[in-house]
Amino acid sequence: MHKKVAFIGSVGSGKTTIVENLSNIDPLNTDVEASEDIGKEMTTVGIDYGHIILNDEISLGLYGVPGQRKFSMVWNFVKTGLWAVVILVKNNDAESIDELEHLINYFEIKNGIPCVVAVTHSDATSADSTIQQIEQKLKVIGVNLPVYTIDPRKTESSMLIMHTLIALDETQQ
Ligand SMILES: Nc1nc2c(ncn2[C@@H]2O[C@H](COP(=O)(O)OP(=O)(O)OP(=O)(O)O)[C@@H](O)[C@H]2O)c(=O)[nH]1
Ligand SMILES: [Mg+2]
(Lines give C-alpha, C1' and ligand atoms only; values in the text may rest on other atoms or scores of the structure.)
(Ligands and ions follow the chains in the order given, each with its own letter.)
Protein backbone atom coordinates (compact mmCIF):
# COMPACT_ATOMS: atom_id res chain seq x y z
CA MET A 1 0.00 0.00 0.00
CA HIS A 2 1.26 3.47 -0.87
CA LYS A 3 0.82 6.04 1.87
CA LYS A 4 1.39 9.78 2.03
CA VAL A 5 3.47 11.29 4.85
CA ALA A 6 3.85 15.05 5.38
CA PHE A 7 6.81 16.75 7.01
CA ILE A 8 5.76 20.07 8.46
CA GLY A 9 7.43 22.58 10.81
CA SER A 10 9.01 25.99 10.93
CA VAL A 11 11.76 27.36 8.66
CA GLY A 12 15.04 25.51 9.16
CA SER A 13 13.54 22.70 11.23
CA GLY A 14 14.94 20.11 8.79
CA LYS A 15 12.05 19.10 6.50
CA THR A 16 14.05 19.17 3.25
CA THR A 17 16.94 17.41 4.99
CA ILE A 18 14.84 14.50 6.27
CA VAL A 19 13.06 13.93 2.93
CA GLU A 20 16.44 13.90 1.16
CA ASN A 21 17.89 11.53 3.71
CA LEU A 22 15.02 9.03 3.74
CA SER A 23 14.23 8.89 0.04
CA ASN A 24 15.19 5.86 -2.06
CA ILE A 25 14.90 7.94 -5.21
CA ASP A 26 16.55 11.26 -6.08
CA PRO A 27 14.22 13.61 -4.25
CA LEU A 28 12.44 16.47 -5.93
CA ASN A 29 13.62 19.61 -4.20
CA THR A 30 12.19 23.10 -4.63
CA ASP A 31 14.71 25.08 -2.60
CA VAL A 32 15.60 28.55 -3.85
CA GLU A 33 17.64 31.40 -2.40
CA ALA A 34 15.57 33.08 0.32
CA SER A 35 14.32 36.53 -0.72
CA GLU A 36 14.50 37.85 2.85
CA ASP A 37 16.63 37.14 5.91
CA ILE A 38 15.33 33.88 7.40
CA GLY A 39 18.61 32.87 9.02
CA LYS A 40 19.73 30.60 6.17
CA GLU A 41 20.47 30.86 2.49
CA MET A 42 18.04 28.41 0.87
CA THR A 43 14.37 27.76 1.55
CA THR A 44 11.62 25.54 0.15
CA VAL A 45 8.97 27.29 -1.94
CA GLY A 46 7.14 24.28 -3.40
CA ILE A 47 7.03 20.65 -2.35
CA ASP A 48 9.92 18.35 -1.51
CA TYR A 49 9.06 14.87 -2.71
CA GLY A 50 10.79 11.60 -1.93
CA HIS A 51 9.80 7.96 -1.86
CA ILE A 52 10.75 5.11 0.47
CA ILE A 53 9.95 1.41 0.28
CA LEU A 54 9.76 0.02 3.80
CA ASN A 55 8.80 -3.56 3.01
CA ASP A 56 6.77 -5.65 0.51
CA GLU A 57 3.57 -4.11 1.74
CA ILE A 58 4.34 -0.47 2.50
CA SER A 59 5.83 2.31 0.43
CA LEU A 60 5.67 5.90 1.54
CA GLY A 61 5.49 9.15 -0.41
CA LEU A 62 7.42 11.75 1.55
CA TYR A 63 6.17 15.33 1.21
CA GLY A 64 8.07 18.25 2.71
CA VAL A 65 6.24 21.58 2.74
CA PRO A 66 7.65 25.12 2.93
CA GLY A 67 8.07 26.38 6.49
CA GLN A 68 7.21 29.94 5.57
CA ARG A 69 3.49 30.65 6.05
CA LYS A 70 3.41 32.82 2.94
CA PHE A 71 3.68 29.60 0.90
CA SER A 72 0.92 27.85 2.82
CA MET A 73 -1.19 27.36 -0.34
CA VAL A 74 1.17 24.39 -0.86
CA TRP A 75 0.09 23.03 2.52
CA ASN A 76 -3.48 22.62 1.22
CA PHE A 77 -2.34 20.27 -1.53
CA VAL A 78 -0.21 18.18 0.82
CA LYS A 79 -2.98 18.01 3.41
CA THR A 80 -5.27 15.95 1.17
CA GLY A 81 -5.24 12.17 1.69
CA LEU A 82 -2.57 12.14 4.37
CA TRP A 83 -1.80 8.92 6.20
CA ALA A 84 0.65 10.41 8.73
CA VAL A 85 2.31 13.65 9.76
CA VAL A 86 5.74 14.44 11.20
CA ILE A 87 6.01 17.82 12.91
CA LEU A 88 9.59 19.04 13.14
CA VAL A 89 10.47 21.54 15.85
CA LYS A 90 13.83 23.31 16.04
CA ASN A 91 15.41 22.94 19.45
CA ASN A 92 15.50 26.09 21.64
CA ASP A 93 13.69 28.11 18.98
CA ALA A 94 10.67 29.97 20.40
CA GLU A 95 9.13 30.62 16.97
CA SER A 96 9.40 26.98 16.03
CA ILE A 97 7.77 25.88 19.30
CA ASP A 98 5.03 28.50 18.88
CA GLU A 99 4.28 27.28 15.35
CA LEU A 100 3.22 23.90 16.74
CA GLU A 101 -0.34 24.92 17.63
CA HIS A 102 -0.95 26.63 14.29
CA LEU A 103 0.25 23.54 12.41
CA ILE A 104 -1.83 21.13 14.50
CA ASN A 105 -4.91 23.24 13.77
CA TYR A 106 -4.13 23.76 10.08
CA PHE A 107 -3.45 20.08 9.39
CA GLU A 108 -6.38 19.07 11.64
CA ILE A 109 -4.26 16.69 13.68
CA LYS A 110 -6.32 14.77 16.18
CA ASN A 111 -5.78 11.79 18.39
CA GLY A 112 -5.93 8.73 16.15
CA ILE A 113 -3.91 10.09 13.19
CA PRO A 114 -0.36 8.68 13.16
CA CYS A 115 1.67 11.77 14.09
CA VAL A 116 4.91 12.42 15.93
CA VAL A 117 6.72 15.55 17.01
CA ALA A 118 10.47 15.42 16.34
CA VAL A 119 12.85 17.93 17.91
CA THR A 120 15.82 18.68 15.63
CA HIS A 121 19.07 20.60 16.17
CA SER A 122 19.50 18.91 19.51
CA ASP A 123 23.02 17.64 18.80
CA ALA A 124 24.72 20.72 20.23
CA THR A 125 22.48 21.72 23.16
CA SER A 126 20.08 19.84 25.40
CA ALA A 127 16.48 19.51 24.19
CA ASP A 128 15.02 19.06 27.68
CA SER A 129 13.46 22.53 27.89
CA THR A 130 12.06 22.35 24.33
CA ILE A 131 10.50 18.93 24.99
CA GLN A 132 8.95 20.20 28.21
CA GLN A 133 7.43 23.22 26.44
CA ILE A 134 6.09 21.03 23.62
CA GLU A 135 4.52 18.57 26.06
CA GLN A 136 2.84 21.43 27.92
CA LYS A 137 1.45 22.82 24.68
CA LEU A 138 0.15 19.43 23.55
CA LYS A 139 -1.62 19.02 26.87
CA VAL A 140 -3.35 22.39 26.49
CA ILE A 141 -4.32 21.65 22.86
CA GLY A 142 -5.58 18.22 23.95
CA VAL A 143 -3.64 15.95 21.58
CA ASN A 144 -1.50 13.11 22.75
CA LEU A 145 1.57 12.81 20.50
CA PRO A 146 4.95 11.17 21.08
CA VAL A 147 7.87 13.60 21.19
CA TYR A 148 11.36 12.50 20.07
CA THR A 149 14.70 14.11 19.42
CA ILE A 150 16.12 13.26 16.01
CA ASP A 151 18.88 14.33 13.67
CA PRO A 152 17.35 14.56 10.17
CA ARG A 153 20.83 14.30 8.65
CA LYS A 154 21.16 10.76 10.00
CA THR A 155 19.28 7.86 8.42
CA GLU A 156 18.97 5.67 11.51
CA SER A 157 17.56 8.54 13.52
CA SER A 158 15.11 9.50 10.77
CA MET A 159 13.99 5.88 10.27
CA LEU A 160 13.00 5.72 13.93
CA ILE A 161 10.25 8.17 13.10
CA MET A 162 8.95 6.08 10.17
CA HIS A 163 8.82 2.93 12.30
CA THR A 164 7.06 4.83 15.07
CA LEU A 165 4.37 5.98 12.63
CA ILE A 166 3.75 2.38 11.54
CA ALA A 167 3.60 1.22 15.15
CA LEU A 168 1.13 4.00 15.95
CA ASP A 169 -0.99 3.04 12.96
CA GLU A 170 -1.07 -0.59 14.07
CA THR A 171 -2.03 0.23 17.66
CA GLN A 172 -4.70 2.71 16.57
CA GLN A 173 -6.50 0.40 14.15
N1 LIG B 1 23.32 20.55 13.46
C2 LIG B 1 22.15 20.20 12.92
N3 LIG B 1 21.79 20.72 11.73
C4 LIG B 1 20.60 20.36 11.22
C5 LIG B 1 19.74 19.47 11.89
N6 LIG B 1 18.62 19.33 11.14
C7 LIG B 1 18.78 20.09 10.04
N8 LIG B 1 19.99 20.71 10.08
C9 LIG B 1 20.52 21.67 9.10
O10 LIG B 1 19.67 22.80 9.09
C11 LIG B 1 19.60 23.38 7.80
C12 LIG B 1 18.19 23.67 7.40
O13 LIG B 1 17.49 22.49 7.11
P14 LIG B 1 16.35 22.37 5.96
O15 LIG B 1 16.12 20.91 5.81
O16 LIG B 1 16.67 23.18 4.77
O17 LIG B 1 15.11 23.05 6.69
P18 LIG B 1 13.60 23.18 6.17
O19 LIG B 1 12.76 22.76 7.32
O20 LIG B 1 13.43 22.44 4.90
O21 LIG B 1 13.44 24.74 5.95
P22 LIG B 1 12.42 25.56 4.98
O23 LIG B 1 12.30 24.83 3.68
O24 LIG B 1 13.10 26.90 4.79
O25 LIG B 1 11.13 25.71 5.70
C26 LIG B 1 20.36 22.44 6.88
O27 LIG B 1 21.64 23.00 6.68
C28 LIG B 1 20.47 21.15 7.68
O29 LIG B 1 21.64 20.42 7.39
C30 LIG B 1 20.15 18.93 13.16
O31 LIG B 1 19.46 18.14 13.84
N32 LIG B 1 21.36 19.34 13.62
MG1 LIG C 1 12.80 23.00 3.11
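Read along the sequence, the chain follows the pattern β-α-β-β-β-β-α-β-α-β-α-β-α. It has 5 helices and 8 strands, where helices (H or I, at least four residues) and strands (E, at least two) are DSSP runs numbered from the N terminus. This is a predicted model, in which local features need pLDDT of at least 70, side-chain atom pairs count only at pLDDT 80 or more, and totals for chains, interfaces and linings use all residues. Residues are numbered from 1 along each chain as its sequence is written, while chains are lettered from A and ligands numbered from 1 in the order in which they are written.

The C-alpha trace spans about 45 × 35 × 30 Å along its principal axes. Of the 173 residues, 37% count as buried. A residue is buried if 20 or more other C-beta atoms, placed from the backbone, lie within 10 Å of its own, exposed if 12 or fewer, and partly exposed in between.

Helix H3 (residues 94-106) has 13 residues and reaches 19 Å from its first C-alpha to its last, close to the 18 Å expected, that is, 1.5 Å times one less than its number of residues. H3 bends by about 30° at Leu 100, the angle being taken between axes fitted to the seven residues ending there and the seven starting there. Its buried residues are Ser 96, Ile 97, Glu 99, Leu 100, Leu 103 and Ile 104. Their cover includes strand E1 (2-9), strand E6 (84-90) and helix H4 (128-141), with contact meaning C-beta atoms within 7 Å.

| Residue | Phi | Loop |
|---|---|---|
| Asn 92 | about 55° | between E6 and H3 |

Asn 92 is partly exposed, with 17 other C-beta atoms within 10 Å, whereas Glu 108 is exposed, with 10.

Of the 20 residues around ligand 1, Thr 16, Thr 17, Thr 43, Thr 44 and Gly 67 come nearest; a residue counts as near if its C-beta atom lies within 6 Å. Helix H1 (15-22) and strand E3 (42-44) each give two or more residues to this shell. H1 supplies the largest share, 3 residues.

Key. Contact = placed C-beta atoms within 7 Å.
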